[in-house]
Each structure stands twice: as structure tokens, then as C-alpha cells.
Amino acid sequence: MGSRSLENRSMVDEIKCSQGGTFLYDFGHPLLNRVADSFIKAAGIGALQSVSREAYFTVAGSLDSSNGPPLELSSARKRHVPGLKGETNKESLEAMVKSVGQESIQWGLAAGVYSGLTYGLKEARGAHDWKNSAIAGAVTGVAVALASDDSSHERIVQSAITGAAVSAAANIFAGIF
């Protein structure tokens, strides 16, 4: 491969990560590459989701600052970012950064676990079907429930069932549409 062809590749070609695509990074095994890629993509989505939610709370809280934030905003904010006060000060900024980082890691870990399990089960069983998706969804649901603040037995079972059902349904419907 000549140096000219390397110069003509775009950043999209470098980052593209599909079934035989090139990786921006190579850990030496397709499983590790897939887990890392899923983690990075989902962590970015988690960060964007967290930032947009906090921006909404900040704007909605400032619009109704004369009477205080509505009850549903103040109770939702307490669950998500306890240190965020709706003001622009150092403590609020630190609380938001901590929240964004924590949520990014949670999303990334969930995607990495799910992606790694589906790939591993596909390689072990020799088939990619709804069963692999259901098992990976259940294990990912358990992992997410264990990482949450409320990790009661009921929550763990509910998350496992929900993860398995959503994942299996998505796999089945992907073949229909």
C-alpha cells in the first residue's frame, strides 16, 4: 500500500468499525476490539444524554426561578445530580462533570458487556440468534442493576427480564424489517 493511499483515507474510514472494518485501535482480538468500540460509542452517547438532561434542568429551573423549580424538576434533579444547584459555580460544575462521567461509564459498560457477550456466544455456539441476544440482554440487565443505587433483588430480576426481552425482541424484529 503506497503512502498516497494512506493520505487519501478520511477520518470516517479510520473510525469505521463494522464486521470487517478497520479499527482506529487494535487490541489483537476481535472480541476486545468490539467491546472497546461499543464502550467508546455508548459512552459518548451517555455523555451527550447527561449533558442535555442537565441543560434542560438548568434552563427549566431558570425560567421559573421566581417560584422555585417545579416539583417534578426538583425531585428529578435530586435523583440525578445532588450537587447541582442550578447556578454557575465551581461546585455545580464539578457535580455536572462527575455526573456526566459516571453516566458515560455506565452506558459504556452496558454496551461493552452486551457486545462482548453477543460476540462470545456467537463464536461459542456458532449461530447468531435471539437466544444469544436474550442471554446477553439478561446479563447486561443484571450488570446495570448491580451498578445502580437501588440494587435490590427485585430490581435485579426485573432488569434481567427486561434486558432479555428487549434484546430478543430487537433481534427478532431486525429480521422482519
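Biologist: Where do K41 and D37 lie?

Modeller: Helices here are DSSP runs of H or I, at least four residues, numbered from the N terminus. K41 and D37 both sit in helix α3 (residues 30–63), four residues apart, about one turn of the helix. The model is predicted: local features need pLDDT of at least 70 and side-chain atom pairs 80 or more, while totals for chains, interfaces and linings use all residues. Residues are numbered from 1 along each chain as its sequence is written, and side-chain values use heavy atoms, without hydrogens and water.

Biologist: How many salt bridges does the whole structure have?

Modeller: Side chains of opposite charge can pair when their charged atoms come close. The criterion is a side-chain nitrogen of Lys or Arg within 4 Å of a carboxyl oxygen of Asp or Glu. A search of the whole structure gives four. In one of them, K41 pairs with D37, the closest N and O atoms 3.1 Å apart. In another, D129 pairs with R125 at 2.8 Å.

Biologist: Is D37 buried or exposed?

Modeller: Buried means under 20% relative accessible area, exposed over 50%, partly exposed in between (1.4 Å probe, protein chains only). D37 is at 9%, so it counts as buried.

Biologist: Which parts does the pair of R53 and E103 tie together?

Modeller: R53 and E103 form a salt bridge, 2.8 Å from N to O. R53 lies in helix α3 and E103 in helix α5 (residues 90–125), so the pair links parts 50 residues apart in sequence. Both R53 and E103 are buried. Salt bridges with shared partners join R53, E54 and E103 into one network.

Biologist: What does S167 touch?

Modeller: Contact means heavy atoms within 4.5 Å. S167 touches Y114, S133, A134 and G137, leaving out residues up to four places away in sequence. S167 belongs to helix α7 (residues 153–176). S167 is buried, at 8% relative accessible area.

Biologist: Which residues make the nonpolar surface patch?

Modeller: Patch residues have over 30% relative accessible area and no salt bridge; nonpolar side chains (Val, Leu, Ile, Met, Phe, Trp, Tyr) are joined within 5 Å, like charges within 9 Å. Areas come from the Shrake-Rupley method with a 1.4 Å probe; for residues, only the protein chains shown count as cover. W130, I172, F173 and I176 make a patch of about 430 Å². Helix α7 gives the most, with three residues. F173 is in α7 and is partly exposed, at 46%.

Definitions and conventions. Helix = DSSP H or I, 4+ residues; strand = E, 2+ residues; numbered from the N terminus.
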